[in-house]
Each structure stands twice: as structure tokens, then as C-alpha cells.
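Please go through the model below with the chain in view.

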Amino acid sequence: MLELAILGFLAEGPLHGYQLRHRIAQLSGHARPVSDGSLYPAITRLVNAGLLERRAEPGASAAQRHTLSLTRTGRCDLLRRLRDADGLDISDGTRYFTVLAFLSQLPDAADQHAVLRRRLQFLEQPASFFHDGDRLLGVEDTDDPYRRGMLTIARATSRAERSWLREVLD
């Protein structure tokens, strides 16, 4: 997802590495901080693959700044990643939000809707954090107030998202 976020933000325009790291951190939140040790190797991989272009510019001090921009190949790769989002890209909330953040980059509404239909299909499957053997436990099945809270929040969030998805898809 880090590479998708890099490609997605650079599809909006060129950025310096620091700006890119800040935007990715805002998108992913504190749950998944972005370290320089993961960001810059990912940028290097994308540059080496021809998906990004890195241009050196004079900095405010003696150090040069590097401006990153998306290449034509990078844009094609971004669109492919968005169009093909499935599996963990759909079921993991943070990964899905990264896909959703850039889904409008896909020019074809049919491709956008295909991704949203996969998410809706995932959300419509019965799920729970807790089980009794093979039986899924719901809010009404536990006396633990904190587990009830988790299940109540998850149910409300899922209901709201399914409603939004159906509205967009109609």
C-alpha cells in the first residue's frame, strides 16, 4: 500500500520526499507510521522500475532537494493497481482506504464501481471478532462491555459503509 500511496499522491502532482511522507502519514494515521527506512527504499524501487522520475533541485541550504513525479508508466501502473484491487486491498480497512483515496484516478466509472462492488460483497459476508466454536458472536452474545463496544462500533461502521456503497453504485 505504501507504493500505491506514493503513486497516488504523485498522480496529483510532483512532490518532494518530505511532502510525500507527510501526506502518506496523514492518510495512514498513527496506526501505520511511515518511516524514512520504508519510504525511501520504496521510492528507489519505483524510480528503478521507471514508475517515478527523481529530479534534483537546489535546496534552501546547501543540500539538494529531490522532486518526484509520476512517469507515464507509473500512471499506467497506478491505474492497474486500482483497477485490480482485491483480497487484502478490499478486506483490510487501511489498505482499502488507500485504494479509495485514489479511486477517482480511474477514468472509467465501471472500473471504479467494480472495486466498490468487491468491497460491498466483502462487507455483506457475516463476520465477527469473536467466536464460540464455529458460531460468530454478535453484540447480543457477550456480556463483556468492551467487546460489546467493539461489536457495536463495527456493526454501525459496516452498516454506514454498505449504505454509502449502495448509494454510489445505484
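How many bridges pair strand β2 with β3, and in which sense? Strand β2 (residues 52-58) pairs with β3 over seven bridges, in the antiparallel sense. This is a predicted model, in which local features need pLDDT of at least 70 and side-chain atom pairs count only at pLDDT 80 or more, while totals for chains, interfaces and linings use all residues. Residues are numbered from 1 along each chain as its sequence is written, and side-chain values use heavy atoms, with hydrogens and water left out. Helices (H or I, at least four residues) and strands (E, at least two) are DSSP runs numbered from the N terminus; two strands pair if DSSP finds at least two bridges between them.

Strand β3 (residues 64-70) also pairs with β1 (residues 15-16), again antiparallel, over two bridges.

Buried means under 20% relative accessible area, exposed means over 50%, and partly exposed lies in between (1.4 Å probe, protein chains only). Leaving aside neighbours within four places in sequence, Ile 24 is in contact (heavy atoms within 4.5 Å) with Leu 2, Ala 5, Ile 6, Phe 9, Val 34 and Leu 39.

Helix α7 (residues 109-123) has 15 residues, which at 1.5 Å a residue should span 21 Å; the end C-alpha atoms are 21 Å apart, in agreement. The expected span is 1.5 Å times one less than the number of residues. Buried in α7 are Gln 112, Val 115, Leu 116, Arg 119, Leu 120 and Leu 123. These cover an arc of only 140 degrees around the axis, so they lie on the same side of α7; the arc is taken from the directions from the helix axis to the C-beta atoms. Their cover includes α4 (72-83), α5 (88-91), α6 (93-102) and α8 (145-169). At the N-terminal end, Asp 108 caps α7 with a side-chain oxygen 2.9 Å from the backbone nitrogen of Ala 110.

Gln 105, in the loop between α6 and α7, is partly exposed, with a relative accessible area of 21%. The C-alpha atoms of Gln 105 and Ala 11 are separated by 8.0 Å, although the two residues are 94 residues apart along the chain. The side chains of Gln 105 and Arg 75 are joined by a polar contact of 3.3 Å. A polar contact is a pair of N or O atoms within 3.5 Å; within protein, one must be able to donate a hydrogen and the other to accept it, and residues adjacent in sequence count only if both atoms are side-chain atoms.

Ser 128 lies in the loop between α7 and β4 (131-132) and counts as buried at 19% relative accessibility. The Ser 128 side chain reaches the backbone nitrogen of Phe 130 at 3.1 Å and the backbone oxygen of Leu 137 at 2.5 Å.
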